[in-house]
Amino acid sequence: MTAPVHLPTREELGAALSEAARAWLDRALTEAGGEAEAEVGTAAGAGSGSGAESGAGAGPAAEAGAAVNGGSAPVPGAASAPASGAAPVPGVGAAYRAGAVRGPGQSGGARGAARWEALFAQAGRRCGHEHADAVRVLLLRAAHAGPDTLTRLYGQGTAAERRAVLLALPALVPGPAALPLVRDALRTNDTRLVAAAVGPYAAVHLDAHEWRHAVLKCLFTGVPVTAVAALAERARSDTELARMLDDQARERTAAGRPVPDDLRYTLTLTAPRAATATGEES
């Protein structure tokens, strides 16, 4: 069963890596950060008034030295490579192949893909597969990767690279531009991608209909509902989600199958808050 997503801070990661891996990571982050600064300088010099890439995160939330889990947008109170077996991304991979999304030879214009993007793919081999997610997220943040770059890396990446892109979304994309990546991950049966897709970015940007189906996807695939960011807040008083969960429970019971504890737990979360003596919700 897939565990909830948690990534170490830069300091924790450095303590876990070998000396050679730490040296490689330092060089890779310098490369990514230097590329981002060069793009910003070029854009400013051209009088474009924009950052390195439309929608890219900037400032403290995108600094490589910050905690990998930091920088997530607040949640509203109510609301590959083909060899890896990764499926094409409808509306994303197809656009990349058709040229609507900039490819490796088109990034930022006519120049070739940035060197750090090759380092992004090497993270598992250089730092160990158990640390690859954290390393890749750090590289994306250092490069201030925006929606175009994230879409390209996701569309041509392995499942592991796609997962890292999903984990980086809260810190790098302030708006809904990256929702096609989340939707694609939720169409797969890869539990690691599903768990990454239901994080803070989805909690903020998925509408109620899509979010409910994301919760059901977790239940169907065995992804713990603890991986769903803001589950309690969004599930509260959601009568439609309650109906969907109740239907699933009844179907399983009628078929002689057990009702998962996660389904029962999520169903309890859909109840409204209990009223206090003053008439306010607790």
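**Figure 1. Packing of helices α4 and α5 in the predicted model.** In this predicted model, helices α4 and α5 pack at an angle of about 160 degrees, with their axes 8 Å apart, where axes are lines fitted to C-alpha atoms, for helices over the stretch in contact, and angles run from 0 to 180 degrees between N-to-C directions. That angle makes α4 roughly antiparallel to α5, since angles under 35 degrees count as roughly parallel, over 145 as roughly antiparallel, 65 to 115 as roughly perpendicular and the rest as oblique. The crossing of the pair α4 and α5 is right-handed; a crossing is called left-handed if the near helix is turned anticlockwise from the far one by less than a right angle, and right-handed if clockwise. Helices here (H or I, at least four residues) and strands (E, at least two) are DSSP runs, numbered from the N terminus.

**Figure 2. Helix α4 and its kink.** Helix α4 covers residues 115-127, and its 13 residues reach 18 Å from the first C-alpha to the last, close to the 18 Å expected at 1.5 Å a residue, the expected span being 1.5 Å times one less than the number of residues. A kink of about 50 degrees in α4 is centred on A121, the bend at a residue being the angle between axes fitted to the seven residues ending there and the seven starting there. The buried residues of α4 include W116, E117, L119 and F120, and also Q122, A123, G124 and C127; buried means under 20% relative accessible area, exposed over 50%, and partly exposed in between (1.4 Å probe, protein chains only). Just after α4, G128 takes a positive phi of about 95 degrees.

**Figure 3. Helix α7 with its partners α5 and α8.** Helix α5 (residues 132-142) and α7 pack at an angle of about 50 degrees, and their axes are 9 Å apart. That makes α5 oblique to α7, and α5 passes α7 in a right-handed crossing. Helix α7 (residues 159-172) also packs with helix α8 (residues 179-187), here at an angle of about 130 degrees and with the axes 11 Å apart. The helices α7 and α8 are therefore oblique to each other, while α7 passes α8 in a left-handed crossing.

**Figure 4. Helix α6 and the residue Y154.** Helix α6 (residues 147-156) is mostly covered, with eight of its ten residues buried, and these buried residues are P147, T149, L150, T151, R152, L153, Y154 and G155. Y154, which has its place in helix α6, counts as buried at 0% relative accessibility. The C-alpha atoms of Y154 and A164 are separated by 8.8 Å, although the two residues are ten residues apart along the chain.

**Figure 5. Buried residues D184 and A214.** D184 is found in helix α8 and is buried, with a relative accessible area of 4%. From C-alpha to C-alpha, D184 and A197 are 9.0 Å apart in space, and they are 13 residues apart in sequence. A214 lies in helix α11 and is likewise buried, with a relative accessible area of 3%. Between A214 and V194, which are 20 residues apart in sequence, the C-alpha to C-alpha distance is 8.3 Å.

**Figure 6. Positive phi at A230 and S237.** Most residues other than glycine have a negative phi. A230, however, has a phi near 60 degrees, a positive value in a residue other than glycine, and it is found in the loop between α11 (208-221) and α12 (231-235). At 15% relative accessibility, A230 counts as buried. S237, which is not a glycine either, has a positive phi of about 65 degrees and sits in the loop between α12 and α13 (239-254). At 36% relative accessibility, S237 counts as partly exposed.

**Figure 7. The chain as a whole.** The chain holds 14 helices and zero strands, and buried residues make up 46% of its 282 residues. Its accessible surface comes to about 13200 Å², of which 55% belongs to carbon and sulfur atoms, with areas taken from the Shrake-Rupley method and a 1.4 Å probe, and with only the protein chains shown counting as cover for residues.

**Notes to the figures.** Residues are numbered from 1 along each chain as its sequence is written, and side-chain values use heavy atoms, with hydrogens and water left out. Because the model is predicted, local features need pLDDT of at least 70 and side-chain atom pairs count only at pLDDT 80 or more, whereas totals for chains, interfaces and linings use all residues.
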